[in-house]
Amino acid sequence: MRTPIPRAALRPALQELSPDIGSRPDVPIYLDWNESRWPLPESLTRKMTEAVTSVDPRPYPDRSYPAVREALGRLAGWDPEGIAFGNGGDDMLALIGVAATGPGRTGIYPSPGFSMYPWAIRRAGARPAPVPLGEDLAYDVDGLIARIGEEQPSLVFLTSPHNPTGQQLPLDEIRRIAEAAPGFLLVDEAYHEFSEFTARPLLDEFGNVILLRTFSKAMALAGGRLGYLLGAPEAILSIRRAQPPFPVGIYTCRAGAAAMNERAALFELTARIVAERDSLRKRLADIPGIRVWPSQTNFLLFHTPADSTVLARRLLARGVALRDFSRHPMLAGTLRVTVGTPEENEVFLGALRDSLAAPILPEELAGVGAAASPVA
Ligand SMILES: Cc1ncc(COP(=O)(O)O)c(C=O)c1O
């Protein structure tokens, strides 16, 4: 018989976090996590295969990963010394949480927003302070600045364009927030390739602005896990102190470098996804009772005329996974759909129309409140 686990040794704050983030049902059409659903360009598949099969895995990578750092610098148009990278954007959120918050400090984030922000703040032992979005789910910049004044946070998270609303915050508004923030402002640009907008000009103006980017969306490598931060070199060097020496495996580095070399093909794919998004938005908005928010990303948020949890379950039964955000009071009745391939979007629209056509039975409403996805 094993002795009991030392419960008192576990940090109490960690017990509030879910151990299951990242699990999902087994269905053919995943339109729930905003990955790239489109086939990879053939040239990229070939280059990645070559790059990965020629790796010698015996030595540790060079601590500074010069080749990847240089390639990221070229991709982002930024000083390689001002770049930190790791195992996906989530890992970078965890890193900035540890580096810029901690016990006795506060981190501010938009709500509704990406669920990993309060996770990163709590994980570091700091206090999460959600700031509600404003009218019609747009950023309330004045409200956010007022709250920054009250809370004096060491870290503020922003998402640009925002997840789950898909909307872009203008550069001047981000600038106002950067001026107001007494600590770091992390501008999460996970979807920036779809909006062709970046807050990068602010990196030349502000020492406290850090951008987050990922290879999981337009770069089509969610399974590879590669994310990076851009910022003033002194800030990035300090943040990197909290990173283990080898934060990314050499296979991922090689695959990421191949993706960067093939970025023209990936950008062409991004343009096709954007065109498909706009067409999907129109077709979705044509369904009676559906309201769709404008989007600068590879996903759409829409309000449904029927219980959204029941609809999400019906879609799942037809093999299509979506995100149901109705657990958040400001998102009652909303679903988020990733822009799939044209064929997948047809299946989704058909399944949605069928699901809306059938009346909701009382037994379908059982446990609806608890079933929705977590949202910050
Ligand atoms: C706003 C936002 N930031 C960051 C991420 C993290 O992506 P990853 O950890 O796959 O790089 C996501 C993923 O969905 C996201 O939506």
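In the shell around the ligand, 8 residues are polar, 4 are nonpolar and 2 are charged. The model shown here is predicted. There are 14 residues around the ligand, and those that come nearest are Gly88, Gly89, Asp90, Thr214 and Ser216.

The next topic is the division of the chain. Domain 1 consists of residues 7-39 together with 265-358, while domain 2 covers residues 42-262. Taken over C-alpha atoms, the centres of domain 1 and domain 2 are 23 Å apart. Where the domains meet, 26 residues of domain 1 are in contact with 28 residues of domain 2. Two elements, α11 (263-285) and β10 (299-303), each give two or more residues to the side of domain 1 that touches domain 2. Of these, α11 gives the most, with 5 residues. By class, this side of domain 1 has 15 nonpolar, 8 polar and 3 charged residues.

Two packed helices are described by the distance between their axes and the angle between them. For helix α1 (residues 42-53) and helix α10 (residues 250-261), the axes come within 9 Å and cross at roughly 150°. The crossing of α1 with α10 is right-handed. On the side of α1, the contact is made by Leu44, Lys47, Met48, Ala51 and Val52. On the side of α10, Tyr251, Arg254, Ala255, Ala257, Ala258, Ala259 and Asn261 take part. The residues of this contact between α1 and α10 comprise 9 nonpolar, 1 polar and 2 charged.

Definitions and conventions: Residues numbered from 1 in each chain as written. Predicted model: local features only at pLDDT ≥ 70, side-chain atom pairs only at ≥ 80, totals over all residues. Near = placed C-beta within 6 Å. Nonpolar A, V, L, I, M, F, W, Y, C, P; charged D, E, K, R; others polar. Domains from an automatic or database assignment. Contact = placed C-beta atoms within 7 Å. Helix = DSSP H or I, 4+ residues; strand = E, 2+ residues; numbered from the N terminus. Axes fitted to C-alpha atoms, helices over the stretch in contact; angles between N-to-C directions. Left-handed = near helix turned anticlockwise from the far one by under 90°.
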